[in-house]
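This report describes the fold, the helix packing and selected residues of one protein. The account begins with a single residue and widens from there.

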Amino acid sequence: MTCPTESGCNCEPAGGNTVQIEIVPQRILSPETSEKLLGRIYDCDGIIRVMVQGSRLPDKVGYGPGTGEKVNHPLKKSIEVEGQQVDMRVTLSRLLVEVDSDQTADEIKKICDETFPFPFEFYKGVFFKKYSTVVDYAKMGPDPDERLLGMTDPKGKLDQIVFIEKDEKDSE
């Protein structure tokens, strides 16, 4: 399938027959709960990509009387996901997950039910962009990594995106 804009470009949609999930907890997650949730999600088979969204946790005070001072926020910690240390740059208040089947999506819903002691919203739909955008083209060129489509902020830096590769476990 090619681009529906009929502009002659040869972009391809990302994620053909995948299921996309949005998880919105009714509370901002602590680093400990975030680590537990992400660890359990990454233990599932069929995870394609995960995007964490939330309010930014700055390194330094940007304005006011404390400009330039280091921010000591209690939610700004490192967590471990799949054996990789990840610095939390945002509070986890929304999670987008792309999986390969409805069965995996149901498994993730069960994980959320077991992990959260409070209500949450769980949606299936289209949350990641399917085609390369102008911002994607400007930041990554004509042949972007499909995992990054629609995941870049126009004002953000590409080096702020963290890839967590799933370890292939030995089945002995």
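Leaving aside neighbours within four places in sequence, Ser34 is in contact with Leu29, Ile79, Met88 and Leu92. The model in which these contacts occur is predicted. Ser34 belongs to helix α1, and it counts as buried because its relative accessibility is 1%, under the 20% limit.

**Neighbouring position in the helix**

Thr33 also lies in helix α1. Its relative accessibility is 23%, so Thr33 counts as partly exposed. When residues up to four places away in sequence are not counted, Thr33 touches Thr115 and Phe116. Thr33 and Leu92 are separated by 59 residues in sequence, while their C-alpha atoms are 9.4 Å apart. Leu92 is also one of the contacts of Ser34.

**Packing of α1 and α2**

Helix α1 spans residues 31-42 and helix α2 spans residues 102-115; the two pack at an angle of about 155°, with their axes 10 Å apart. Angles over 145 degrees count as roughly antiparallel, and α1 is therefore roughly antiparallel to α2. The crossing of the two helices, α1 and α2, is right-handed. On the α1 side, the contact is formed by Thr33, Lys36, Leu37, Arg40 and Ile41, which meet Ile108, Ile111, Cys112, Glu114 and Thr115 in α2. By class, the residues of this contact comprise 5 nonpolar, 2 polar and 3 charged.

**Overall fold and core**

The secondary structure of the protein consists of 3 helices and 6 strands. Along the sequence these elements follow the pattern β-α-β-β-β-β-α-β-α. Of the 172 residues in the protein, 34% are buried. Among contacts with a separation of 6 or more, 70% join residues 24 or more positions apart.

The largest nonpolar core has 27 residues, and those with the most contacts inside it are Ile21, Ile23, Leu95, Val97 and Ile108. Two or more residues of this core come from each of β1 (19-25), α1, β2 (47-53), β3 (78-81), β5 (94-99), α2 and β6 (120-125). Ile108, one of the core residues with the most contacts, also takes part in the contact between α1 and α2.

Which residues does Leu95 touch, not counting residues up to four places away in sequence? The partners of Leu95 are Ile21, Glu22, Ile23, Leu37, Leu38, Ile41, Val50, Met51 and Val52. Of these, Leu37 and Ile41 are also among the α1 residues that meet α2.

**Two loop residues**

Ser101 is found in the loop between β5 and α2. Ser101 and Thr18 lie 83 residues apart in sequence, with a C-alpha to C-alpha distance of 6.3 Å.

Glu82 occupies the loop between β3 and β4 (84-87). Most residues other than glycine have a negative phi. Glu82, although not a glycine, has a positive phi of about 55°.

| Residue | Relative accessibility | Class |
|---|---|---|
| Thr33 | 23% | partly exposed |
| Ser34 | 1% | buried |
| Glu82 | 17% | buried |
| Ser101 | 23% | partly exposed |

Terms used:
Residues are numbered from 1 along each chain as its sequence is written. This is a predicted model: local features need pLDDT of at least 70, side-chain atom pairs count only at pLDDT 80 or more; totals for chains, interfaces and linings use all residues. Side-chain values use heavy atoms; hydrogens and water are left out. Axes are lines fitted to C-alpha atoms, for helices over the stretch in contact, and angles run from 0 to 180 degrees between N-to-C directions. Helices (H or I, at least four residues) and strands (E, at least two) are DSSP runs, numbered from the N terminus. Angles under 35 degrees count as roughly parallel, over 145 as roughly antiparallel, 65 to 115 as roughly perpendicular and the rest as oblique. A crossing is left-handed if the near helix is turned anticlockwise from the far one by less than a right angle, and right-handed if clockwise. Contact means heavy atoms within 4.5 Å. Ala, Val, Leu, Ile, Met, Phe, Trp, Tyr, Cys and Pro count as nonpolar, Asp, Glu, Lys and Arg as charged, and the others, Gly among them, as polar. Buried means under 20% relative accessible area, exposed over 50%, partly exposed in between (1.4 Å probe, protein chains only). A nonpolar core is a set of buried Ala, Val, Leu, Ile, Met, Phe, Trp, Tyr and Cys residues joined through side-chain atoms within 4.5 Å.
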